[in-house]
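Thanks for asking me to look this one over. Here are my notes, as numbered points you can check against the coordinates.

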Amino acid sequence: MRSLLAAIAMLATLLSPAQAATPAELFDFWVGDWVVTWKNANGSPGQARNRVSKILEGKVIEEDFAGDPAVAPRLLGRSLSVLDKAGVWHQAWADNQGGFFALTGGSEGETRFFATAFQPVGERLKGQRMRFYDIKPDSFDWDWEGSSDGGKTWTLIWRLHYQRARS
């Protein structure tokens, strides 16, 4: 009976929402070797590998994203994320297709995010964000979204599913 109760308690812990993290640990769930999948606009599957590690005495998170080499143009990208002395997360992303984003991060409940600053474009106030959600020990989902109304509404641009790679 005790072993059954212990097993139920362990299962409840695994199935419970992500534990509240300190600001320094907010993105620790992301560290690892990941297989990333998505559905392209034409319905075909997309896949990449994303290796995320802590560097510089564990104070910086480095991301190394490598799209499928069989698909042209292959997306290759890197990011560095750091918690500054004021307790604010920052990320810089650059890729081989000329993309560069400077983002600020945080959390809303159990969802983690990095977002660009809003910029006026004509009469619109545009910005983009990434959201990490449904975070589990070996998987999570990630959305790239855009807003043209200063963040009142968001439109899905790209949805990815992360699954921890098997050794």
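1. Let me start with the side chains of strand β7. T111, F113 and A115 point one way from β7, R112 and F114 point the other way, and all of them are buried (buried means under 20% relative accessible area, exposed over 50%, and partly exposed in between, with a 1.4 Å probe and protein chains only). Because five of the five residues of β7, which spans residues 111-115, are buried, the strand is largely enclosed by the rest of the structure. Strands here are DSSP runs of E with at least two residues, helices are runs of H or I with at least four, and both are numbered from the N terminus.

2. A word on conventions before going further. This is a predicted model, in which local features need pLDDT of at least 70 and side-chain atom pairs count only at pLDDT 80 or more, while totals for chains, interfaces and linings use all residues. Residues are numbered from 1 along each chain as its sequence is written, and side-chain values use heavy atoms, with hydrogens and water left out.

3. What does β7 pair with? On one side, strand β6 (residues 100-108) pairs with β7 in the antiparallel sense over five bridges, where pairing requires that DSSP finds at least two bridges between the strands. T104 has A115 of β7 as its bridge partner. The hairpin of β6 and β7 has two residues between the strands, and G109 takes a positive phi near 65° there. Strand β9 (residues 124-136) also pairs with β7 in the antiparallel sense, over four bridges, and in β9 it is R131 that stands opposite F113.

4. T116 is buried, at a relative accessible area of 16%. Not counting residues up to four places away in sequence, T116 touches F101, A102, L103, G127 and Q128, a contact being heavy atoms within 4.5 Å.

5. Beyond four places in sequence, the contacts of Q91 include W30, E63, F101, F114 and M130.

6. Now the nonpolar core, meaning a set of buried Ala, Val, Leu, Ile, Met, Phe, Trp, Tyr and Cys residues joined through side-chain atoms within 4.5 Å. The largest one has 24 residues, and F27, W30, F132, F140, W142 and Y162 have the most contacts inside it. Strands β1 (32-39), β2 (45-55), β3 (60-67), β5, β9, β10 (139-147) and β11 (155-164) each supply at least two residues of this core. Leaving aside neighbours within four places, F27 is in contact with residues including R112, F113 and F114.

7. Finally, how far should you trust it? The average pLDDT (the predictor's confidence in each residue, from 0 to 100) is 89, and 88% of the residues score at least 70. Over residues 3-18, however, pLDDT stays under 50, and the model has four contacts beyond four places in sequence for them. Where pLDDT is low, the predicted coordinates should not be read in detail.
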